[in-house]
Amino acid sequence: MRFSFILLVCVSVALSAYQPEPLALSKQRGKKVYELNCQTCHGEDGKGEPSIFPPLAQADYLMQNRTRAIRQVLYGARGTMIVNGHTYTGEMPAQGGLSDTEVADVLNYVRNAWGNQDNSPISPQDVRAQRR
Ligand code: HEC
């Protein structure tokens, strides 16, 4: 009885001391930002829409260059873009209404979802540095 009480106290202390890493939290918040701002075009599974919306899931374009990825969200893009060997000629509206933290969070989410893996998380300061 006494032992199980001590065990309970230890478990509660351990649980309350547990803090998920900052990247884990950023990804959690980023999923929400994605659902609200990106999912209609890029899809719940990040696979986009053939010849209209490029994929984010295992997308070479997204993963090749983190600065370009930040600028893609802030300023959108129009014109020709080649993603995983397919050409896209659509237009993505700028998402400049998102805060620095929201842009960082959504990129940390998409760059670590659907098989993507990014070993250098993006910070709100990285986003700020790309604002005009
Ligand atoms: C209205 C539709 C639409 C929305 C909303 C949208 N995108 Fe896009 N996105 C596009 C299109 C279209 C392109 C390709 C643009 C081109 O051809 O120049 C693109 C390209 C991209 C690319 C570069 C190509 C790739 O697949 O790697 C990234 C990264 C990206 N979008 C991320 C996002 C993120 C993150 C959000 C939400 C914050 C978002 N997009 C919201 C339509 C959209």
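The largest nonpolar core of this predicted model has 17 residues. Those with the most contacts inside this core are Tyr34, Ile70, Val103, Val106, Leu107 and Val110. Helices H2, H5 and H6 each supply at least two residues of the core, and H6 gives the most, with six residues. In soluble globular proteins, nonpolar side chains tend to be buried together.

Tyrosine 34 illustrates how the core is joined. Not counting residues up to four places away in sequence, Tyr34 touches Gln39, Val106, Tyr109 and Val110. Of these, Val106 and Val110 are also listed with Tyr34 among the core residues with the most contacts.

Nine of its 11 residues are buried, so H6 is largely enclosed by the rest of the structure. The buried residues run as follows: Glu102, Val103, Ala104, Asp105, Val106, Leu107, Asn108, Tyr109 and Val110. They pack against H2, H4, H5 and H7.

Two further residues can be related to asparagine 108, one of the buried residues of H6. Lysine 27 is placed in helix H2, which covers residues 22-37. Lysine 27 counts as buried because 22 other C-beta atoms lie within 10 Å, where 20 or more are required. Its contacts, leaving aside neighbours within four places in sequence, are Asn108, Tyr109 and Asn112. Asparagine 119 is found in the loop between H6 and helix H7 (124-128). Asparagine 119 counts as exposed because it has 7 C-beta neighbours inside 10 Å, and the limit for exposed residues is 12 or fewer. The table gives the C-alpha to C-alpha distance for each pair.

| Pair | Separation in sequence | Distance in space |
|---|---|---|
| Lysine 27 and asparagine 108 | 81 residues | 5.5 Å |
| Asparagine 119 and asparagine 108 | 11 residues | 9.9 Å |

Key. Residues are numbered from 1 along each chain as its sequence is written. This is a predicted model: local features need pLDDT of at least 70, side-chain atom pairs count only at pLDDT 80 or more; totals for chains, interfaces and linings use all residues. Helices (H or I, at least four residues) and strands (E, at least two) are DSSP runs, numbered from the N terminus. Two residues are in contact if their C-beta atoms, placed from the backbone, lie within 7 Å. A nonpolar core is a set of buried Ala, Val, Leu, Ile, Met, Phe, Trp, Tyr and Cys residues joined through C-beta atoms within 7 Å.
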